[in-house]
Amino acid sequence: MEILAQTFPFLPGIMAEIPLWSFLGFLIISPLLAFLSFGLKKGEQPKRGLDKPKGKRYYFLCALCFFESFFLLATFMYMATSRVHYIWRWERVPQYFWISEDQSVTSGYDGTVDKIEDAPSGMKIMTIKPSDGSSPERLELPAGARLLVEQGYTVYYGEHLATHHVSKPGILLTGLWITFTVSLWAIGIGIIVGLVTGLCRISENPALRWWSVLYIEFIRGSPLLVQIFIWYFVVGTVVDELLSQIGLPAIPQFWYGAIALAIFTGAYVAEIVRAGIQSVARGQTEAARSLGMTYWQCMRKVVLPQALRRIMPPLAGQFISLIKDSSLLGVITVRELTKVTREAITSSLQSLELWFVCALLYLALTFALSVFVQYLERRAVRR
């Protein structure tokens with residue numbers, strides 16, 4: 001150790017900063033996990049091609065290398081974050097997932113409590129008569145609210161009138177739900193658009209083929225952010241103006257964002273569908289047509305089921321990218337996960353904790369989608 005300290009004078013300082021859990025991970029936990037995974041692996045690895053079959057020792061060394069490198073990465077991240085001049089407040093993060101607190105109802109006028117009534121739904125209706133003679137203010141208090149004033153009391157602006165307990169999803173869960181919903185709509189619409197466009201792409205009709213090529217090249221050749229702006233500020237302005245002329249309400253920005261993502265994804269899905277269809281041997285189509293099937297019957301019963309098994313992995317990758325691309329919808333005020341994270345950071349100044357949590361929530365969505373697609377692949381293979 002003295003020779004190492006003389007050769008590398010910076011080594012003692014670094015060793016002193018390494019936490020105890022890192023040493024335990026390298027010396028005890030990693031070998032233990034590798035041994036457990038080694039024990040769960042029964043028999044030898046299957047022979048692949050001309051390679052020699054791999055034994056349990058090979059698997060154990062690979063597992064040990066994985067766990068050691070994992071703890072090495074965790075140690076590096078810990079040491080890097082500990083050197084940042086930043087006060088970590090992880091205990092404040094749960095409040096952004098679920099809100100459970102007492103909230104107060106305040107008066108917006110100087111006046112008198114005119115009456116307090118019980119509504120059939122269990123709510124309480126409080127009527128305040130302003131002192132300036134303006135129209136009375138009606139306040140709806142939720143069931144179970146605790147009144148702090150009585151009928152006939154004189155109240156002032158900002159005075160607390162009642163308190164009630166609030167338990168609801170926080171801003172991060174709300175943003176996560178909107179991200180999931182807009183992604184689900186975009187995936188559904190994108191599959192339909194991509195399937196139709198992919199069939200038009202290989203159609204013998206030149207009009208359909210040229211329009212599909214024009215759509216695919218335009219969408220893939222322009223940034224998604226620009227397309228979102230076009231859909232919201234150009235198409236949305238025209239559509240909302242037409243709807244206002246016939247007395248209909250404007251379309252929420254949520255739907256413009258979902259359509260922008262769906263049209264963008266549809267172009268890539270179309271190329272994936274085209275490649276999947278063309279990967280099916282031509283003899284399959286010829287055999288189906290020789291049995292008297294029409295073109296659409298051949299596509300539906302013979303070609304598309306085979307192509308679907310082959311295009312599932314690239315489709316999963318495209319849909320995972322769509323979930324991450326939904327973070328751009330904050331520019332048109334869609335309160336998805338990234339936008340609500342920025343809002344939480346603005347009010348709390350907890351930038352690092354909330355960005356880490358935001359990344360983990362995106363990982364949860366994309367990983368769940370990946371596992372679901374793998375399940376569909378295994379089910380399709382069994383059939």
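Me: Leaving aside neighbours within four places in sequence, which residues is Ser203 in contact with?
Reply: Contact means heavy atoms within 4.5 Å. On that basis, and with those neighbours left out, Ser203 is in contact with Leu208 and Arg209. This is a predicted model: local features need pLDDT of at least 70, side-chain atom pairs count only at pLDDT 80 or more, and totals for chains, interfaces and linings use all residues. Residues are numbered from 1 along each chain as its sequence is written, and side-chain values use heavy atoms, with hydrogens and water left out.

Me: Where is the place of Ser203?
Reply: Helices are DSSP runs of H or I, at least four residues, and strands are runs of E, at least two, numbered from the N terminus. Ser203 sits in the loop between helix H5 (171-201) and helix H6 (206-220).

Me: Is Ser203 buried or exposed?
Reply: Buried means under 20% relative accessible area, exposed over 50%, partly exposed in between (1.4 Å probe, protein chains only). Ser203 has a relative accessible area of 18%, so it is buried.

Me: Which backbone atom does the side chain of Ser203 reach?
Reply: The backbone nitrogen of Asn205, at 3.1 Å.

Me: How do I read the packing of H5 and H6?
Reply: Two packed helices are described by the angle between their axes and the distance between the axes. Axes are lines fitted to C-alpha atoms, for helices over the stretch in contact, and angles run from 0 to 180 degrees between N-to-C directions. Here H5 and H6 pack at about 130°, with axes 8 Å apart. Residues making the contact include Val193 and Thr197 of H5, and Leu208 and Arg209 of H6.

Me: What word describes that angle between H5 and H6?
Reply: Angles under 35 degrees count as roughly parallel, over 145 as roughly antiparallel, 65 to 115 as roughly perpendicular and the rest as oblique. H5 and H6 are therefore oblique to each other.

Me: Where does Ser222 lie?
Reply: In the loop between H6 and helix H7 (224-245). Ser222 is buried, with a relative accessible area of 17%.

Me: With which side chain does the side chain of Ser222 make a polar contact?
Reply: A polar contact is a pair of N or O atoms within 3.5 Å; within protein, one must be able to donate a hydrogen and the other to accept it, and residues adjacent in sequence count only if both atoms are side-chain atoms. The partner is the side chain of Gln227, at 2.9 Å. The Ser222 side chain also reaches the backbone oxygen of Phe218 at 3.0 Å.
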